[in-house]
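Here is a short tour for anyone who likes to look at contacts before setting up a calculation. Please keep the viewer open as you read.

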Amino acid sequence: MTAYANLHLAFEQMRVRARRAERRDAAEQDGTGPDNAIGLIQQGGGGGGGGGSGGGGGASGGDDDEDEEPPRVLIVGPEHSGKTTACKLLVNYAVRGTAACSPLYVNLDPSDGGFTIPGTVSACVIDSPLPTSSPANPLGITATSAPTALSSSKLTPLVHWYGHTDVKKNAGLMEHLIRVLNEECQERLEIDALARTSGIIIDTPANFTAVPMQDKFALVKAAVYAFRVNVILVIGNEKLTVEMQKIFSSEEAKGQSQRPITVLKIPRSPGVVDLDSAYCERVQAHQVKNYFYGSPLQLPPELAAAFTSAGGREGQGLSGLNLGGEAAAMDLALSPHSSVVSFDDLTIYRIGQDSFAPSSALPIGASRALGEMQPVKIDPSQPGQGIVNIVLAVLSLTEAPEMDIEEAILDADVLGFVVITSIDTENNRFTVLVPSAASLAGRVALTGSIQWQEA
């Protein structure tokens with residue numbers, strides 16, 4: 001924990017310098033004052049980080065006058081090394097500080113449910129500590145779920161659909177989503193001065209550094225250059241640390257980033273354990289189920305015994321119980337709807353093909369007829385489409401645009417998720433499990449490889 005504490009102190013110094021620069025720039029613009037939240041920062045805020053400049057000062061990247069950028073941190077490392085835990089530690093340290101702070105948390109790991117379900121990349125501004133109570137909600141409960149007393153329930157993440165749990169499945173699509181997500185995050189940061197000066201924490205999957213492309217570090221470079229990362233943290237891997245230092249110390253990397261990039265190695269937490277693939281699959285299925293049906297929040301033994309002795313039943317009717325001064329809504333069970341939808345009401349697309357043969361297997365001089373990022377419309381009336389018990393992401397598009405349809409579908413964010421449970425080809429309709437009773441008429445959805453079947 002000492003390494004994370006030193007990093008937090010160094011990042012706080014960077015935030016203080018960024019806020020001072022923000023106030024100075026705001027004062028120079030026709031006397032316009034800074035954002036109200038930034039005005040809460042005291043001039044002496046930088047002194048608290050002085051003790052950490054020795055252990056983590058390298059992350060500051062230079063003198064106070066030269067470095068006025070907030071920390072934009074990318075965390076990489078091998079599988080099951082504690083990358084997500086490190087991200088949550090740094091975020092929780094930041095929001096629990098004495099100064100107002102709302103860092104942007106970017107989740108680029110599609111195998112982790114993150115704010116929603118597996119198969120997505122997402123981003124969210126965090127202004128309260130992220131709880132770690134269940135694998136069903138690794139980053140807290142969003143505002144779209146059931147009401148709860150937890151302060152993280154006000155999370156409103158921006159979500160894009162990747163459709164797979166492995167970034168190697170379609171690395172080109174992941175690289176495109178990184179750029180799209182960055183553009184939308186920059187739009188949010190332009191109007192949120194507090195989040196802009198609080199920095200960015202980016203979580204990545206294990207195979208982020210070994211994608212099947214000409215450059216196996218293509219996704220790392222895409223994330224670094226898109227989000228203008230200035231600190232790269234490598235967890236417990238000396239070889240990867242040396243490779244990152246070699247790549248981002250080159251003249252080409254300096255020219256693209258236009259700022260120095262500090263690469264630091266931090267030790268792997270001793271509490272990290274290796275997880276087998278079967279356990280990860282069960283967790284992913286549990287996250288999808290939790291999205292539709294929710295889950296009751298288990299009381300600690302002391303509270304459960306006190307409530308039972310009062311004549312109640314554990315997990316239900318806890319109107320008299322308070323958590324942190326707030327009324328507790330412990331029953332987080334949801335009630336999804338099963339709706340019958342016509343084939344014409346919901347337009348379904350698939351990005352590329354289910355699988356691609358390697359380029360070496362193609363005939364000499366031949367190229368693929370279907371690109372990896374080309375949306376293909378699915379006809380549910382045809383057999384073998386493979387959309388039953390597959391999670392679909394409902395996009396923000398109300399209808400498929402006639403012009404630039406590929407770009408519009410790839411760039412659209414996600415409104416929610418549905419699952420097709422059965423198909424009636426004779427009547428041209430299918431049965432869909434949806435979180436609410438809202439109509440799907442005129443909507444556009446994307447499919448992928450995330451399967452879920454109700455037990």
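This is a predicted model: local features need pLDDT of at least 70, side-chain atom pairs count only at pLDDT 80 or more; totals for chains, interfaces and linings use all residues.

## The model and a pair of helices

Let us start with H1, which covers residues 2–28, and H3, which covers residues 83–95. Two packed helices are described by the angle between their axes and the distance between the axes. Here the axes come within 10 Å and cross at roughly 50 degrees. An angle under 35 degrees would count as roughly parallel and one from 65 to 115 as roughly perpendicular, and H1 and H3 are therefore oblique to each other.

The crossing of H1 and H3 is right-handed. On the H1 side, the contact is made by Tyr-4, Ala-5, Leu-7, His-8, Phe-11, Glu-12 and Arg-15. H3 contributes Ala-86, Leu-89, Leu-90, Tyr-93 and Ala-94. An α-helix has 3.6 residues a turn, so residues three or four places apart point the same way.

Next, please find H6, at residues 218–226. Seven of its nine residues are buried, so H6 is largely enclosed by the rest of the structure. The buried residues are Ala-218, Leu-219, Val-220, Ala-222, Ala-223, Val-224 and Ala-226.

What lies over them? The cover of these buried residues includes strand S1 (72–76), H4, strand S6 (231–235) and H7. After H6 comes Arg-228, which has a positive phi, near 55 degrees.

## A buried asparagine

H4 (171–191) also leads us to Asn-170, which sits in the loop between strand S4 (158–161) and that helix. Is Asn-170 buried or exposed? Its relative accessible area is 3%, and the cut-off for buried is under 20%, so Asn-170 counts as buried.

A polar atom of the Asn-170 side chain lies 3.2 Å from the backbone nitrogen of Leu-173. Leaving aside residues up to four places away in sequence, Asn-170 touches Tyr-162, Ile-351 and Glu-372.

## Charged pairs

Side chains of opposite charge can pair when their charged atoms come close. How many salt bridges are there in this model? The count comes to 11, and one of them joins the side chains of Lys-216 and Glu-243 at 4.0 Å, N to O. This pair links distant parts of the chain, 27 residues apart: Lys-216 belongs to the loop between strand S5 (200–203) and H6, while Glu-243 is in helix H7 (residues 238–248). Lys-216 is partly exposed at 39% relative accessibility, and Glu-243 is partly exposed at 21%.

Finally, have a look at Arg-268 and Asp-274, which form a salt bridge with the closest N and O atoms 3.3 Å apart. Arg-268 is partly exposed at 36%, whereas Asp-274 is exposed, with a relative accessible area of 59%.

How values were computed
Residues are numbered from 1 along each chain as its sequence is written. Side-chain values use heavy atoms; hydrogens and water are left out. Helices (H or I, at least four residues) and strands (E, at least two) are DSSP runs, numbered from the N terminus. Buried means under 20% relative accessible area, exposed over 50%, partly exposed in between (1.4 Å probe, protein chains only). A polar contact is a pair of N or O atoms within 3.5 Å; within protein, one must be able to donate a hydrogen and the other to accept it, and residues adjacent in sequence count only if both atoms are side-chain atoms. Contact means heavy atoms within 4.5 Å. Axes are lines fitted to C-alpha atoms, for helices over the stretch in contact, and angles run from 0 to 180 degrees between N-to-C directions. Angles under 35 degrees count as roughly parallel, over 145 as roughly antiparallel, 65 to 115 as roughly perpendicular and the rest as oblique. A crossing is left-handed if the near helix is turned anticlockwise from the far one by less than a right angle, and right-handed if clockwise.
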